[in-house]
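Please look over the sequence and the structure shown below before reading on.

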Amino acid sequence: KEKYRRYNMIKPKHWYGWWIVAICWLTYFINSGFPMYGGNVANSMMVAQTEMSRTVLGLGATLFNLFSGLFGVVVGNLITKKGAKISMYVGTGAIIVAALVMGFLCNGNPVMYIIGYGLILGIGINFGTALPLQNTIIFWHDRKRSLSLGLWATAAGVGSFIASPIMSKLAGNFGWQACWIFVAIAAAVNLVIIKIFLVEKPSMVGQVQDGYLTNSDTSADAIKEKKPSRVYKTAVEWEYKDAIKTPTAWMILLGMCGYFCVYIVVMSQGVNLVLDNGLEATQAAMLMSAIGIGSLIARPVFGGISDYVEPRWVWLVMTLVTMAGAFLLKSCNSIVMVYVCGILIGGGFGGAFVQVPAVISNYYGKKAYARIYGLLLPIMNIVTCIAPTVAGAIYDANHSYDLAINIFVAFGFVGVIGLLFARPPKQKSQSV
């Protein structure tokens, strides 16, 4: 009861699991859609209006992607010991600070851009988006875990689809700085939503995973009977130290690196690539919207599918789709091709993204999830963070992104190979 009074301001009368998905969706939409997707549009316009080079633009994106996962171990331990809400408070606060730095202090200054966007915003995204929200949903859902994660993850797709035109309009009417002021205001509202509505675990309000058990109804009949899962799910809760010793954990890491490396290159340099192919700025900005559309469609669809088809196979196919979209982007010279490439890239990324928490939690259980993902995430970011800088440097040297796209699409096959070998791990005490 003390834990309930301290962390939760509401007491739901009915099972709160699907409301949790909706609340996590809204907080993810605010904390990721505008600063991440809209921020890329604002940053591209900042480069066009200032003397900042594209290499510096890529360096900021590199540092952002590095710091958005660098402290994953810290985040995982914080969630395990103090709870997901505390992590969300820290992350959302950092997003507000970063947005204010970009809106009032940057003005194309490379140092302030790197500090505000690369460092502080990256830390905010690390603490305040995917990991604590995924952890919350995993504790509430088991039987429909992939579907619930897929529905939650549409927030980023909706965010990219909505944020890009809003940011473009704000930048056109009030300057690109106004985009970041808007981000700060939205994140402040998010703090209130998290405080009032987010409940980390069903036990905090007298409920259970997948069920309707309350403090006043403790009978076995109050819990929904679970049907056998159609995909592999561990029968035991793994210990963190045992999980990270399995080869499967590191094959999962290769899968994470493969699809994400291709994606961040497109996110940091894709708008400029399309501009170089002769399209207008408003047309090029639609690449981010197209990526959002693809991601929006793919996340719930392939999240739901992976409740019935092994998630790692879905993940592998989606990685190949991402690579195909990036390869086609090299010859993107029409608005039709902008949408084709964007939907393939966004769909492939979105479909792969929702498989990561499903695979880890299905293989190792919910209790160790935050720490396992918290370990793998910074390693992935360190491996892939240099990609935007390399892509920008290749452009500055050759005035073309073709070589960069070829290199990082080829790197995507590393992830495909990893997923081929990411079989469910076995433990002596585990019944398979």
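In this predicted model, buried residues make up 59% of the 432 residues in the protein chain. The secondary structure of the protein chain consists of 18 helices and zero strands.

**Overall form**
- Of the contacts in the protein chain with a separation of 6 or more, 85% are accounted for by residues 24 or more positions apart.

**Surface and charge**
- The protein chain exposes about 16800 Å², and carbon and sulfur atoms supply 66% of that area.
- Among its side chains, 32 are positive and 17 are negative, while the centres of these two sets lie 8 Å apart.

- In soluble globular proteins, nonpolar side chains tend to be buried together.
- The largest nonpolar core in this model has 131 residues, and those with the most contacts inside it are Trp-152 and Ile-252.
- Helix 11, which covers residues 247-276, gives the most to this core, contributing 17 residues.
- Which residues does Ile-252 contact, once its neighbours within four places in sequence are left aside? Ile-252 is then in contact with Trp-315, Val-359, Ile-360, Tyr-363, Tyr-364, Leu-376 and Ala-422.

Key. Residues are numbered from 1 along each chain as its sequence is written. This is a predicted model: local features need pLDDT of at least 70, side-chain atom pairs count only at pLDDT 80 or more; totals for chains, interfaces and linings use all residues. Side-chain values use heavy atoms; hydrogens and water are left out. Helices (H or I, at least four residues) and strands (E, at least two) are DSSP runs, numbered from the N terminus. Buried means under 20% relative accessible area, exposed over 50%, partly exposed in between (1.4 Å probe, protein chains only). Contact means heavy atoms within 4.5 Å. Accessible areas come from the Shrake-Rupley method with a 1.4 Å probe; for residues, only the protein chains shown count as cover. Lys and Arg count as positive and Asp and Glu as negative; His and the chain ends are not counted. The place of a charge is taken as NZ of Lys, CZ of Arg, CG of Asp or CD of Glu. A nonpolar core is a set of buried Ala, Val, Leu, Ile, Met, Phe, Trp, Tyr and Cys residues joined through side-chain atoms within 4.5 Å.
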